[in-house]
Amino acid sequence: MKSPAGWAPQEADAHAAPQEVCSRGGLVVAGVVIGLCAITFLYSIVAIRNSGFQVGVPTSVDELKELHGHLTRLQEEHMGLVIAFFASLYLLKQTFAIPGSIFMNLPAGSSLGVWRAFPMVTLLCSCGASLCYGLSQMVGRHTIRRLAASKFEQFEAMLRKQNENLVFYLISLRLFPFTPNWAINAISPLVGIKFPTFFLTITVGLAPYHFLTC
């Protein structure tokens, strides 16, 4: 059966050596990007706290309101620090498939306004998810496939059924997330979804969610 342009079924270790070289190079790049995000996040945390503000990751409505107040006052004096803190935290959250985007989108929208926050969180979400995609492809391929082989087989079977309208199917998975987005991010490279298709569908599919929560 012919595969759609955005999907390539995974074959058993053909061209394993070239892929191993590419994986190592990609892993180095991903490591550098993640390291820069972590350094930026830590620097912004220290700088913000030295300015007399306390910020962290909100886990409840009350903490969300408190964070909003801190960010609103802080951005008047240190807008660059606010953006650095938020962007690095969002990228790290997405990279390691940590749920809870709504707790990031709400303070961004209330502090920056929807028309600035919406494109920013959309881009950060797609870029962070791309790092998750890359890490899963390079590090988790054999381990995750071995531990959850049945789930991959089910997902691949669904992809085969939807091979004529793959892009629309993947967008619908984002619009109606019966499968958690973090799981789709991690599984996608392992079942052969090509990166351009992945990036397009997550950007378009999650855009309404980001707009509504900003």
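Helices, taken here as DSSP runs of H or I with at least four residues, and strands, as runs of E with at least two, are numbered from the N terminus. On this basis the secondary structure of the chain, which is a predicted model, comes to ten helices and zero strands, and the order read along the sequence is α-α-α-α-α-α-α-α-α-α. Of the 214 residues of the chain, 44% count as buried, and the accessible surface comes to about 11,700 Å², with 67% of that area belonging to carbon and sulfur atoms. Among contacts between residues at least 6 apart in sequence, 78% join residues that are at least 24 apart.

Within helix α4, which spans residues 102–112, the buried positions are Met104, Asn105, Pro107, Ala108, Gly109, Ser111 and Leu112. Just after α4, glycine 113 adopts a positive phi of about 90°.

The second largest pocket has a computed volume of about 310 Å³. Its lining is made up of 19 residues, of which Ser101, Asn181, Trp182, Leu206 and Tyr209 are the closest to the centre of the pocket. At least two lining residues are supplied by each of the helices α3 (79–95), α8 (166–175), α9 (181–187) and α10 (195–213), and the greatest contribution to the lining of this pocket is that of α10, with five residues. When the lining of the second largest pocket is sorted by class, ten residues are nonpolar, seven are polar and two are charged.

Technical notes
Residues are numbered from 1 along each chain as its sequence is written. This is a predicted model: local features need pLDDT of at least 70, side-chain atom pairs count only at pLDDT 80 or more; totals for chains, interfaces and linings use all residues. Side-chain values use heavy atoms; hydrogens and water are left out. On a 1 Å grid over the protein atoms alone, a cavity is a set of points where a 1.4 Å probe fits but cannot get out, and a pocket is an open set with protein on both sides within 12 Å along at least five of seven lines; lining residues have an atom within 4 Å of a point. Grid points are joined across faces, edges and corners, and a volume is the space filled by probe spheres set on the points. Ala, Val, Leu, Ile, Met, Phe, Trp, Tyr, Cys and Pro count as nonpolar, Asp, Glu, Lys and Arg as charged, and the others, Gly among them, as polar. Buried means under 20% relative accessible area, exposed over 50%, partly exposed in between (1.4 Å probe, protein chains only). Contact means heavy atoms within 4.5 Å. Accessible areas come from the Shrake-Rupley method with a 1.4 Å probe; for residues, only the protein chains shown count as cover.
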